[in-house]
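Trainee: I have not seen this structure before. Please show me how to read its features one at a time.

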Amino acid sequence: MRALLDRIFNSAGYLAGLFMIGTLLAVLASIAGRLVPALNLPGADAYAGYCTATAAFLALAPTLRRGEHIRVTLLLNHLPARLHRLLDVFCHLLAIGLGVALAYFSIRLVLQSHEFFEISPGLDATPLWIPQIGMAVGTSLFALAFIGDLILLLSGQPLRDAPADGETARIE
């Protein structure tokens, strides 16, 4: 199960990278349109924003699985092992609650935007539910990553691969 989830999270990470490339292309199109009016792409700035937001949300779960989110461990590192574990479980439960709520409301936003035919106010007139899908998928995967981490934590397994000296943790 862990291998399947890791493949899903890695795929989301690669997809986030593609959306970052999409951001670059949209910005370059916007610049080209300003230099050469015949190449103007209306709404290129909006598409750059959509791609950036989608990339950020899709990158949440793979970043968590790799242990690359900022964690304040000042308190945790000075606690006895049992108390450290209890606090870690509590923090994961809290994160799952927040992650599930964020995923729920993101999915609800997509459904409402689709139902009410909301479009962006810019020149692109994009139906808003389309770029909002990235947020809904990303937050859902983020909540799933926290659930997976809690299961590993409760079963006594390491949350991520131990990094070599001087390296950050990697899940392959």
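Trainee: What is the mean pLDDT of the chain, and what share of its residues reach 70 or more?

Mentor: pLDDT is the predictor's confidence in each residue, on a scale from 0 to 100. Here the chain has a mean pLDDT of 89, and 93% of its residues reach 70 or more. Over residues 162–166 the pLDDT is below 50, and this stretch has two contacts in the model beyond near neighbours in sequence; a contact means heavy atoms within 4.5 Å. Residues 168–172 also have pLDDT under 50, and for them the model has 16 contacts beyond four places in sequence.

Trainee: What should I know about the numbering and the rules used?

Mentor: Residues are numbered from 1 along each chain as its sequence is written. This is a predicted model, where local features need pLDDT of at least 70, side-chain atom pairs count only at pLDDT 80 or more, and totals for chains, interfaces and linings use all residues, while side-chain values use heavy atoms, with hydrogens and water left out.

Trainee: How many residues does helix H1 have, and what span should they give?

Mentor: Helices are DSSP runs of H or I with at least four residues, numbered from the N terminus. The expected span is 1.5 Å times one less than the number of residues. Helix H1 (residues 2–35) has 34 residues and should span 50 Å, which agrees with the 50 Å between its end C-alpha atoms. H5, with 26 residues, reaches 37 Å from its first C-alpha to its last, close to the 38 Å expected.

Trainee: Which residues of H1 are buried, and what covers them?

Mentor: Buried means under 20% relative accessible area, exposed means over 50%, and partly exposed lies in between (1.4 Å probe, protein chains only). The buried residues of H1 include Leu5, Phe9, Ala16 and Thr23. Their cover includes H2, helix H3 (60–65) and helix H5 (129–154). Threonine 23 counts as buried because its relative accessibility is 12%. Leaving out residues up to four places away in sequence, threonine 23 touches Ala48, Cys51 and Thr52.

Trainee: Is serine 113 buried or exposed?

Mentor: Serine 113 is buried, since its relative accessible area is 0%. Its place is in helix H4 (residues 81–115). Not counting residues up to four places away in sequence, serine 113 touches Glu118, Leu128, Trp129 and Gln132.

Trainee: How many aromatic pairs does the structure hold?

Mentor: A pair of aromatic rings is described by the distance of the centres and the angle of the planes. Rings of Phe, Tyr and Trp (its six-membered ring) pair if their centres lie within 6.5 Å; planes under 30 degrees apart count as stacked, over 60 as edge-to-face and the rest as tilted. The structure holds three such pairs. In one of them, the rings of tyrosine 47 and tyrosine 50 have centres 5.7 Å apart and planes at 80°, so the pair is edge-to-face.

Trainee: Where do tyrosine 47 and tyrosine 50 lie?

Mentor: An α-helix has 3.6 residues a turn, so residues three or four places apart point the same way. Tyrosine 47 and tyrosine 50 are three residues apart in helix H2 (residues 44–58), so about one helical turn separates them. Tyrosine 47 is partly exposed, at 34% relative accessibility, whereas tyrosine 50 is buried, at 19%. Another edge-to-face pair is formed by tyrosine 104 and phenylalanine 105, with ring centres 4.9 Å apart and planes at 80°.

Trainee: What is the phi of phenylalanine 117?

Mentor: Most residues other than glycine have a negative phi. Phenylalanine 117 is not a glycine, yet its phi is positive, about 55°. Its place is in the loop between H4 and H5, and at 69% relative accessibility phenylalanine 117 counts as exposed. Alanine 125 has a positive phi of about 50° and is found in the loop between H4 and H5. Alanine 125 is partly exposed, with a relative accessible area of 40%.

Trainee: Which residues does leucine 154 contact, leaving aside its neighbours within four places in sequence?

Mentor: Leucine 154 is in contact with Arg85 and Val89. The C-alpha atoms of leucine 154 and arginine 85 are separated by 8.9 Å, although the two are 69 residues apart along the chain. Leucine 154 lies in helix H5, and H5 is followed by glycine 156, whose phi is positive, near 85°.

Methods:
Helices (H or I, at least four residues) and strands (E, at least two) are DSSP runs, numbered from the N terminus.
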